[in-house]
Amino acid sequence: MRSVVLTKGVPDFSEGAVSFNEEGHLERGKTPTVMNPNDEFALEAALQTRVRHGGNVSVMSMGPPGYKSVLGEAMESVYADDLYLLSDRACAAADTWATAITLSAALEKYQEELADVDLLFAGFKTADGETGHTGPQTAWCMEWPMVTHVVALDIDPDERTLRAKRLVEGDVDEIETVEAELPCLVVPDPEFEPTYRKASHRLEHKRLRAETSERAEEYEELLTMWDHKDMNLDPDYIGLDGSPTIVAGVDPIPKAPSEREATMIEPDDEAAMGELLDELRPYAAGD
Amino acid sequence: MSANGYEEFEAVVVGCGPGGAAAAARLADHGVETLVLERGVEAGSKNVSGGLIYGEKSAPYTAEELFPGFREEAAERPVTETYIHNVAGDRVKSYDLTDIHEHDTAWCEAVLRRKMDSWLEKRVHERTSETGGGVLTDVRVNGLLRENGEIVGVTCDELDPIRAELIVAADGVNSELARDAGLMDWEEPEEWFQGVKAVVDVEPGEIEDRFALGEDEGLAHLFSGDLFEGVRGGGFLYTNESSLSIGTVFHLDSLVERRAEPHELLDALLTHPLLAQWLDADYDEREYAAKLVPDSKKVALKEPYADRLVVVGDAAGQMQAQGPIIKGMNHAVTAGALAADAFAVTRGNADPEAAGRRYATMLEESGTMSKLRPRRYELARTVGERDLVTRAVEGVLDSPVGRLALGNRLADRALERAYNSPYLVSMLPDTRTGYVTVPTIVGEQHGRPVTWENEVEPPELIDRIGDLTYDTDVGNPHIELLDESFEASGAAVYACPVSAEGFGGGCYRAETVRTNGGEETLVSLDTQPCVECGTCAVVADTDWEHPRGGKGVEYRQG
């Protein structure tokens, strides 16, 4: 099985890392870039496929040269074989459509130079844009089927099909099983759990981990950079110029004002506790 | 893959302690495809031992021979001196036991199990990987796979069932496989010892100063006498690289009978004036641990096999405890390696028990069985352990005549020789006489008062539990209390090393509840603080299993 995982570097929105200015706008320069958290599930699904069926996993991203470290991070968690970074000033400020055009052109080039792709994996949405469009639009460009909100995945390499359990309406209470032909885009849900019930799979997992820890240290040697010329792309169809989306403005969501008054009571203060009980007593009757 | 869809390996080894490691390494040497399944997050994370591993001159295998570099890289310090201290109050008489220690000993090392077993795990994984297998951690084998009533493999919590030509149960003292096969039970407290241990932190370089040792030297101190409330057993102190292993080991039936609290007996040792020379007020306990120990004299399996299953180490009761000599890990190494050799020579034999029978023969011929179950002990035991005899002997010893006999100067020398005689030691019946009465009288009659002030304040049980690492399997307790009456399960409140009377933070507690027309004392269980020692499986009425792979207590020292 040959898999490609799409990933993106996003601002680290975690507490302590993220930085906003006074107007509530994100300060990109002061906020570190990390791998999009939802991509982890895509990587786990690709790893499960690799462990169970062997083959090759490549990780691909579009972004500035600084995203190299994000790909290095991805290599460690998915035990990837090689990395592809689509990096060009002409790609800057792309919306999901222009990004999908770029990614699909890169996938075409990948297939020409290496081999046909069996599975494309993407995270279900990014932490910054939150659209969830890029993966499906890329599959549309490639004319591949797509299965989203996947929580469990089985591949039949001989039949060249996959069978996936997916959440209906994103709800764990309702799960449907679908089949699709390869090549196919798979978007794992955050509920996705890789399963390794065979000892041979766990041994393979362990072998790959040992093998990759050496490889990941030298990840830049396994990283290929492509610009728009490499991918034979017209600059008018990528980046800002190729993006039909117009962002009219961005408003920060104001913090909800607190209207309640709070009184602090020490648990040892018996008089105050007594008053508190008096306050609460009427509610105890269910009024 | 086998015909019926099960995954298949030539050999499956359950447990990656010294027995499992030796079996797996030898199997790989024979070219056998070997899968090792370990339930801990890493080998050693579930293991505890007092801390000495021997290389015996007479044994067919030692850990160093099987795993070159073992002593240098996996062990702490060699034992170069051994003493026993007979304690009576604050009077102590010490004997040099180096002679008996060195009998048949090529080498002896103090070890901490997390370090030792995780080192072994890496070696075993390298070697078994070469023959198509390897070591998997976080996998709990929960039983035997049978086809038409015959054992053909194992079942696991985390993996689908696995078939194998050979199954090695090296799953420790609470072996679920040996019990599934009907080879072991948890019925009789007198078949078990229970040990508790504190690993005490010492600044690097301090050991040499405090014990007057060179860099590659180490000590073993043993303690017996009246400092343990009359419970049959004793204490030990071993020197590690930059820590001490200090512990106590008691006959489980004696602990139950005396309603003793194991952690308090350990504290009695830690706070005795004798230990003030080695411990100060800066006492810093790295880890509190506990373990059940099989008494090989009573439970070592004479036929440690069933169908394709062979049982090695503690799982087969192969733990030799005779007087001051405690040897377990070395026998596990021998047994594991012999089981592998037995499989190699009987490979392809249609009889599923061929390897097992061969293994039993090799255990016998290598002299291992006669160490585990000495005939001298069996003969001496028949008279020696009868209550009447014990009481009569005790009466004589404690009389003025007896005290004179043990108390004169000639007796002093004779006693040191007796302690150092492998012949006499292997005969010692397991009664109060050997453990308590004789050492106490020796201490009283020959001992000198020790008046050092011991400033050690051992941690409370709640802090000892609080310092342990757990990954609790919330909502899925691994022990079920079947009978909550005090009569059936009350002993666990005392004997469990992480429970105590009047302590609410342990596994077992007793509560008095009002019932129709009266009061009743009931026992309740919370498995969160459990250290998986197995004591309650013997002394209480439980359904006892290990936690799932990677769950439960995780020892850092062991």
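**Cysteines, then contacts**

Guide: Over all chains, the disulfide count is zero, a disulfide being a pair of cysteine sulfur atoms within 2.5 Å. Take Cys16(B): it is in no disulfide, and the nearest cysteine sulfur, on Cys156(B), sits 15 Å away. Cys16(B) is also buried, at 1% relative accessible area, where buried means under 20% with a 1.4 Å probe, counting protein chains only. Cys108(B) is buried too, at 2%.

A word on the ground rules. This is a predicted model, where local features need pLDDT of at least 70 and side-chain atom pairs need 80 or more, while totals for chains, interfaces and linings use all residues. Residues are numbered from 1 along each chain as its sequence is written, chains are lettered from A and ligands numbered from 1 in the order written, and side-chain values use heavy atoms, leaving out hydrogens and water.

Now to where the chains meet. Eight residues of chain A touch 18 residues of chain B, contact meaning heavy atoms within 4.5 Å. Together the chains bury about 1,100 Å², with 52% of that from carbon and sulfur atoms; buried area is the accessible area (1.4 Å probe) that two parts lose on being put together, summed over both. On the chain A side, Arg197(A), Arg202(A) and Leu203(A) supply 54% of what chain A buries against chain B, more than any other three residues.

Arg197(A) turns up again in a salt bridge with Asp160(B), 3.2 Å from N to O. The rule here is a side-chain nitrogen of Lys or Arg within 4 Å of a carboxyl oxygen of Asp or Glu, and it finds two such bridges across this interface. Chain A's touching side splits into three nonpolar, one polar and four charged residues.

Four salt bridges are counted between domains 1 and 3 of chain B. Elsewhere in the listing of such pairs, Glu532(B) and Lys46(B) form a salt bridge with their closest N and O atoms 3.0 Å apart.

Conventions: Ala, Val, Leu, Ile, Met, Phe, Trp, Tyr, Cys and Pro count as nonpolar, Asp, Glu, Lys and Arg as charged, and the others, Gly among them, as polar. Buried means under 20% relative accessible area, exposed over 50%, partly exposed in between (1.4 Å probe, protein chains only).
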